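Subject: Structure handover

Hello,

Here is the structure you asked for, with the sequence. My notes on what was found in it follow below.

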Amino acid sequence: MLALKSSSPVVFNSILEMANNSYSDFDFINTTRPSPQFTYVRHLNVSAMFPLEFAVPMFGYLMPILFILTVVTNTLVVIVLSKKHMHNPTNTILKAMALADMFTVLFPAPWLFYFYTLGHYVQPLSPATICYVFIYMHEVIPALFHTASIWLTLALALQRHIAICHPTASLAWCSLPGVVKGIYLIYGLATLHQSTRFFDRIYTTVDIWWDDGMITVCGESTASWVSVISENVYYNVYFWFRVIFVHVVPCTALVVLNWLLYRAMRDAKKRKAKLKQKLKQKLKQKEKECKDPRESNCTTLMLIAVVTLFLCVETPLAVITLLHIIASSFRVPVLDYYIANMLILCTNFCIIATHPINFAIYCGMSEKFRSTFKGLFFKTNLSPRGVSNSQYSTINDGARTCTSGF
């Protein structure tokens, strides 16, 4: 059967296509000498993963630029958030997210450069050891970090909601040690989710006919333990879990949490307006601590924009995965795999393109982040404590920000 593989750091993984058109991209094999007796062989062929007319310009020419931007911006985020005065639960999650996004791109980058930038996608990989390294760096490990990044985004939304809407409960549920344990748990679960992908395929050295000659390639076969439980059961369980717990549940929860957060800030703003009218003189000091209400609205809109961007790039991947599961489980031709590969290519590229944007969001939303960044790299004049005195920062804990009052 044909394996539809992702060529992007954000992996779609190996997907088993319908059996009736499964050998369209495979060569014939003869491991000894030319003979009329040929059999089909499944081998690792990068050129068959995506339409090359789209993959080469995206991954070969644009991806190196995105790779550099992602590594630089996420490194800056980690450096800034690692400063002592920036240590708090929210920043700890943001730092873990930055590392996850960076590693998602870092591991497959050498292979993307080798195949698509240098133009080696035509020649199949060999020997088997190289194929194992390629699959781990290009598919399994990036999927692990991307899964962790999605769950960390959900954890951040949950932590912010508790800190702003339930500040008393946040002392118990959102303490710094508790958040650190939660991050380790997320990475552990993401590793467990991808653990079988390290052992579900076997690569061996085989010879195939290539341009009227014999060359050595990596023959791919299913591991014996997968065959025992059947490939259909294994891949259906894996992809159903991924669709539900890596895509649908996190995306839905993010929408709900941000709606609750927006409603809580809106209600608090109304209550504050009434208190201002009754106790205007007594609230003068409080008014100094919070900036203009338009800034809180900007914070809410930015948060909604981040979630919307996340949904826009993640939802197509979830839909295609779901359609594949339906096609492979019920043998219903609901998915054109050429179009699916092209959509996955574009979606994965868009996901990677959003990684550097987080740095711009942090600089735009947090004065504390911005002033710390300037102090580290531009040696600007800061307050005696080394940071801006502004309390308006979405990078701070909810109880210490202006957003906690809305």
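In this predicted model, the axes of helix 4 (residues 128-165) and helix 6 (residues 176-194) come within 9 Å and cross at roughly 140°. The cut-off for roughly antiparallel is over 145 degrees, and helix 4 and helix 6 are therefore oblique to each other. The crossing of helix 4 past helix 6 is right-handed. On the helix 4 side, the residues in contact are Val140, Ala143, Leu144, Phe145, Thr147, Ala148, Trp151, Leu152 and Ala155. They meet Ile183, Ile186, Tyr187, Leu189, Ala190, Thr191, His193 and Gln194 of helix 6. Sorted by class, this contact of helix 4 with helix 6 has 13 nonpolar residues, four polar ones and no charged ones.

Helix 4 also packs against helix 2 (89-106). Here the angle is about 160° and the axes are 8 Å apart; helix 2 and helix 4 are therefore roughly antiparallel to each other. The crossing of helix 2 past helix 4 is left-handed. Helix 2 brings Pro89, Thr90, Ile93, Leu94, Ala96, Met97, Ala100, Asp101, Phe103 and Thr104 to the contact. Helix 4 brings Pro142, Phe145, His146, Ser149, Leu152, Thr153, Ala155, Leu156 and Gln159. The residues of this contact divide into twelve nonpolar, six polar and one charged.

Is threonine 153 buried or exposed? The cut-off for buried is under 20% relative accessible area, so threonine 153, at 14%, counts as buried. Leaving out residues up to four places away in sequence, threonine 153 touches Met97, Leu254 and Phe310.

Helix 2 has a further contact, with helix 1 (52-81). The angle between helix 1 and helix 2 is about 155°, and their axes are 9 Å apart. That makes helix 1 roughly antiparallel to helix 2, and their crossing is left-handed. From helix 1 come Phe67, Thr70, Val71, Asn74, Thr75, Val77, Val78 and Leu81. From helix 2 come Asn91, Leu94, Lys95, Ala98, Leu99, Asp101, Met102, Val105 and Leu106. By class, the contact of helix 1 with helix 2 has eleven nonpolar, four polar and two charged residues.

Helix 1 also holds leucine 69. Leucine 69 is partly exposed, with a relative accessible area of 42%. Its C-alpha lies 6.0 Å from that of proline 356, although leucine 69 and proline 356 are 287 residues apart in sequence.

Next, the nonpolar cores. In soluble globular proteins, nonpolar side chains tend to be buried together. The largest nonpolar core here has 39 residues. Which of its members touch the most other members? They are Val77, Leu152, Ile183, Tyr187, Phe359 and Phe369. Two or more residues of this core come from each of helix 1, helix 2, helix 4, helix 6, helix 8 (231-278), helix 10 (293-330), helix 12 (357-365) and helix 13 (367-377). Helix 4 gives the most, with nine residues. Valine 77 touches Ala98, Phe359, Tyr362 and Phe369, again not counting residues up to four places away in sequence. A second, separate core has 36 residues, among them Val56, Met58, Leu66 and Ala340.

Two backbone details are listed next. The peptide bond from serine 126 to proline 127 is cis, with omega near -5°. Proline 127 sits in the loop between helix 3 (109-117) and helix 4. The other detail is serine 230, which has a positive phi of about 80° although it is not a glycine. Serine 230 is in the loop between helix 7 (224-229) and helix 8. With a relative accessible area of 27%, serine 230 is partly exposed.

Last, the overall figures. The protein has 13 helices and six strands. Of its 406 residues, 50% are buried. Among contacts with a separation of 6 or more, 77% are between residues 24 or more positions apart.

Regards

Technical notes:
Residues numbered from 1 in each chain as written. Predicted model: local features only at pLDDT ≥ 70, side-chain atom pairs only at ≥ 80, totals over all residues. Heavy atoms only, no water. Axes fitted to C-alpha atoms, helices over the stretch in contact; angles between N-to-C directions. Helix = DSSP H or I, 4+ residues; strand = E, 2+ residues; numbered from the N terminus. Parallel < 35°, antiparallel > 145°, perpendicular 65-115°, else oblique. Left-handed = near helix turned anticlockwise from the far one by under 90°. Contact = heavy atoms within 4.5 Å. Nonpolar A, V, L, I, M, F, W, Y, C, P; charged D, E, K, R; others polar. Core = buried A, V, L, I, M, F, W, Y, C linked by side-chain atoms within 4.5 Å. Buried < 20%, exposed > 50% of the residue type's maximum accessible area, 1.4 Å probe, protein only.
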